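Me: Got a model here I'd like to walk through. Can you take my questions as they come?

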Amino acid sequence: MSIISLERAAKRYHNVEALKEVSLSLGEGEVLGLFGHNGAGKTTTIKLILGLLTPDQGKVSVLGMDPASNEFRSRRQQIGFLQENVSFYDQLTGFEVLRYFARLKGVGMSQCDTLLQELGLDHACHRKVRTYSKGMRQRLGLAQAMLGNPRLLLLDEPTVGLDPVATRAFYQSIQRLKDQGCTVVLCSHVLPGVEQYIDQAAILGHGRLLAQGTIEQLRLQADLPLQLTLRGDAIEQGMPAEWQTRIQHSEPGQVVVKGNLQEKVNLWKTAAAIPGVEDFQWQVPSLEDLYSHFCEQEDRSCAAY
């Protein structure tokens, strides 16, 4: 079942085209990484999914319904949302904040204790929120978004202010929700480490959908070179003649060559047969590399007009 579907969705603010005929689809239990620079259209996309905005053109469907319709109100309990800059009543305790949102969602109080413990806030749950650090406020925001085991979770910069341990715990929580069938849209500027937790990536630029797919699909689409680092004694002498044009870097005991994904197996077989090779390591284009590639392509395209 398609949980989110955008069909040629467009949105304009006065003379600014915030979103230009964007189409994307996300199924049950999938995690989508939504990436783009400031002004790329991420927030507008999230607001369309939440039903806070209606498209000027195209169609948006969430959980099989128009999210801006009156009928969709009954489905809102199935959605969790965390905005980038969380703000709570400072005079309430963490537990009181979570209990307030649980009542709004019709969720049992027992889940408040579970989430506070899961996100490492149980020790501070009876302290006032004004005493919380930025990271603690962010974790409290995550807890309220996860109330009720939502079918759809929308997270805008969820790991801002979290230390590495808290970030790992956050992604473990996301994995548990995914295993339960929850669909997640994750907006983030922090690309390193994200790719192992997402099923698809969607890259926006200037309101356009520049690329969407699995990381492997985006690598094939971008056709960026991969690097193969060979290590061993005197391996330079044993390098095949046809590899001389592939060499990016060479020093005693180490040679770095470039190739592409389609010839990875052949490169591996050739590398294994080179005399003196003791070890080799692949470096494929990362999510950061792919993001930069597609954004630079769009910038060059815009500059041409």
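Predicted model: local features only at pLDDT ≥ 70, side-chain atom pairs only at ≥ 80, totals over all residues.

Me: How do strand 8 and strand 9 pair, and over how many bridges?

Reply: Strand 8 covers residues 200–205. The pairing with strand 9 is antiparallel and runs over 5 bridges.

Me: Switching to charges. How many salt bridges does a search of the whole structure find?

Reply: The search finds 10. One of them joins the side chains of Arg8 and Glu21, at 2.6 Å from N to O. Arg8 sits in strand 1 (residues 2–13) and Glu21 in strand 2 (residues 16–27), so this pair ties together parts 13 residues apart in sequence.

Me: What does Arg176 form a salt bridge with?

Reply: Glu118, with the closest N and O atoms 3.2 Å apart. Arg176 belongs to helix 5 (residues 164–179) and Glu118 to helix 3 (residues 110–118), so the pair ties together parts 58 residues apart in sequence. Arg176 is partly exposed, with a relative accessible area of 38%. Glu118 is partly exposed at 29%.

Me: Back to Arg208. Which residue forms a salt bridge with Arg208?

Reply: Glu298, and the closest N and O atoms are 3.6 Å apart. The pair links distant parts of the chain: Glu298 is in helix 8 (residues 287–303) and Arg208 in strand 9 (residues 208–213), 90 residues apart.

Me: Is Glu298 buried or exposed?

Reply: Buried, with a relative accessible area of 9%. Arg208 counts as partly exposed, at 40%.

Me: Which residues are linked in a network of salt bridges?

Reply: Glu195, Glu216 and Arg219.

Me: Now backbone angles. What is the phi of Leu63, and where is the residue?

Reply: Phi is positive at about 55°, although Leu63 is not a glycine. Leu63 is in the loop between strand 4 and strand 5. Leu63 is buried, with a relative accessible area of 2%.

Me: And what is the phi of Glu157?

Reply: About 50°, positive, and again the residue is not a glycine. Glu157 is in the loop between strand 6 and helix 5. At 2% relative accessibility, Glu157 counts as buried.

Me: One more loop. Where is Val129 found?

Reply: In the loop between helix 3 and helix 4 (134–145). Val129 is buried, with a relative accessible area of 0%.

Me: What does Val129 touch?

Reply: Leaving out residues up to four places away in sequence, the contacts are Phe88, Tyr89, Asp90, Leu92, Thr93, Gly94, Val97, Arg137 and Leu140. The C-alpha atoms of Val129 and Leu140 are separated by 9.2 Å. Along the chain those two are 11 residues apart.

Me: Last topic, confidence. What pLDDT does the protein average?

Reply: The average is 88, and 98% of the residues score at least 70.

Me: Which elements have the lowest and the highest mean pLDDT?

Reply: Helix 5 has the lowest, at 82. Strand 4 (residues 57–62) has the highest, at 96.

Notes:
Residues numbered from 1 in each chain as written. Heavy atoms only, no water. Salt bridge = Lys/Arg side-chain N within 4 Å of Asp/Glu carboxyl O. Helix = DSSP H or I, 4+ residues; strand = E, 2+ residues; numbered from the N terminus. Buried < 20%, exposed > 50% of the residue type's maximum accessible area, 1.4 Å probe, protein only. Contact = heavy atoms within 4.5 Å. pLDDT = per-residue confidence, 0-100. Pairing = 2+ DSSP bridges.
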